[in-house]
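Me: I have a structure open and want to go through it before setting anything up. Can you take my questions as they come?

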Amino acid sequence: MLDNWQRIEKVIKWAGASSVSAFAREIGLNRGENLYQIKRGNNGISRELAETITGKYPAVSKAWLLTGEGDMLPGKARKIKFDIPFYKSDAAEFATSGAHSVEELLSQLPEPEYYISFPMMQGCHFAAFTFSEAMSPEIPAGSTLFFRHVPLEAITPGGTYLVLSKKFNGVRRIRRDGSGGKVRLVPKNIDNFDEITLSTGEIDGLFVVKGVLVNK
């Protein structure tokens, strides 16, 4: 049976969070100290924390979180979580407007062509193509990308993201701008694409690239 921290860690990995602090922010905690106390063995998983986690991720079993008995994703929830909306279009063609939550943002996306089951990419919100050469050869044009929505405050500098805004839509590596309040969108193919700077307030939607499937 997994101990308290192993269960929390398993949920963090399943949710696709980049760190303990990022997971804490995703479930609505101001900071991750409570989670770190569990990691150190000082605290157990309280009912309040279990309810907070399952409120954000209802597929996760509250009983399993509290006791370790049973499955993390019981029965039907496990299958549903593996079904990822897939779009045959370029992800850069998506547009969002005034979305204040991941649910609002995702509701603005078109109907997917179909759903794919890809357990390795569990926790992703959708998959789509990229036809741009901007990130080649790291991400060749025609690749299928798996995306997970992240809040702006969870940006990991150097990570690769789908950025949706009124000024620019596309996949780029994100780096902080020294002036503050802005990010640099850096292409891999610097010979043919320029770096772009955006203020964080201009970004309508942000999705981290969790996986790349190269189509040959």
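Predicted model: local features only at pLDDT ≥ 70, side-chain atom pairs only at ≥ 80, totals over all residues.

Reply: What follows goes from the overall build to the sheet, the salt bridges and a few local details.

Me: How many helices and strands does the protein have?
Reply: There are 7 helices and 9 strands.

Me: And the overall dimensions, what box do the C-alpha atoms fill?
Reply: Along the principal axes, the C-alpha atoms take up a box of roughly 55 × 40 × 30 Å.

Me: What share of the residues count as buried?
Reply: 46% of the 216 residues count as buried. The accessible surface is about 11100 Å², and carbon and sulfur atoms make up 49% of that.

Me: What about contacts between residues 24 or more positions apart, what do they account for?
Reply: They account for 57% of the contacts with a separation of 6 or more.

Me: OK, the sheet. What is the strand order?
Reply: The order is β2-β1-β3-β4-β9-β5-β6-β7-β8, in an open sheet of 9 strands with mixed pairing.

Me: Which strands stand at the edges?
Reply: Those are β2 (114-117) and β8. Each has a single partner strand, so one side of each has no neighbour in the sheet.

Me: And the twist, what does it average?
Reply: From one strand to the next, the twist averages 45°.

Me: How do β3 and β4 run, parallel or antiparallel?
Reply: β3 and β4 run antiparallel, joined by 5 bridges. One of the residue pairs is Ala128 with Leu145, the latter in β4.

Me: How many bridges join β6 to β7?
Reply: There are 4 bridges between β6 and β7, and the two strands run antiparallel. Arg173 stands opposite Val186 of β7. The two strands form a hairpin with 5 residues between them.

Me: What is the phi of Gly180 in that turn?
Reply: Gly180 has a positive phi of about 85°. As background, most residues other than glycine have a negative phi.

Me: Then β7 and β8, how many bridges there?
Reply: β7 and β8 pair over 4 bridges, in the antiparallel sense. The bridge partner of Leu185 in β8 is Ile196.

Me: Switching to charges. How many salt bridges does the structure hold?
Reply: It holds 7 salt bridges. Among them is the one between the side chains of Arg173 and Glu138, at 2.6 Å from N to O.

Me: Where do Arg173 and Glu138 lie?
Reply: Arg173 is in strand β6 (residues 169-176), while Glu138 is in the loop between β3 (126-130) and β4 (143-149). The pair therefore ties together parts that are 35 residues apart in sequence. Glu138 is partly exposed, with a relative accessible area of 35%.

Me: Which residue does Arg184 meet in a salt bridge?
Reply: Arg184 meets Glu195, at 2.7 Å from N to O. Arg184 is in strand β7 (residues 182-186) and Glu195 in the loop between β7 and β8 (196-199), 11 residues apart.

Me: Are those two buried or partly exposed?
Reply: Arg184 is partly exposed at a relative accessible area of 25%. Glu195 is partly exposed as well, at 42%.

Me: What is the N to O distance for Glu33 and Arg40?
Reply: The distance is 3.1 Å, in a salt bridge between their side chains. Glu33 counts as partly exposed because its relative accessibility is 27%, and buried would require under 20%.

Me: Last one, Gly16. Where does Gly16 lie, and is it buried or exposed?
Reply: Gly16 is in the loop between α1 (4-15) and α2 (20-26). With 10% relative accessibility, Gly16 counts as buried.

Me: Which residues does Gly16 touch?
Reply: Leaving out residues up to four places away in sequence, Gly16 touches Arg148 and Lys210.

Technical notes
Residues numbered from 1 in each chain as written. Heavy atoms only, no water. Salt bridge = Lys/Arg side-chain N within 4 Å of Asp/Glu carboxyl O. Buried < 20%, exposed > 50% of the residue type's maximum accessible area, 1.4 Å probe, protein only. Pairing = 2+ DSSP bridges. Axes fitted to C-alpha atoms, helices over the stretch in contact; angles between N-to-C directions. Contact = heavy atoms within 4.5 Å. Areas by Shrake-Rupley, 256 points an atom, 1.4 Å probe, with all protein chains shown as cover.
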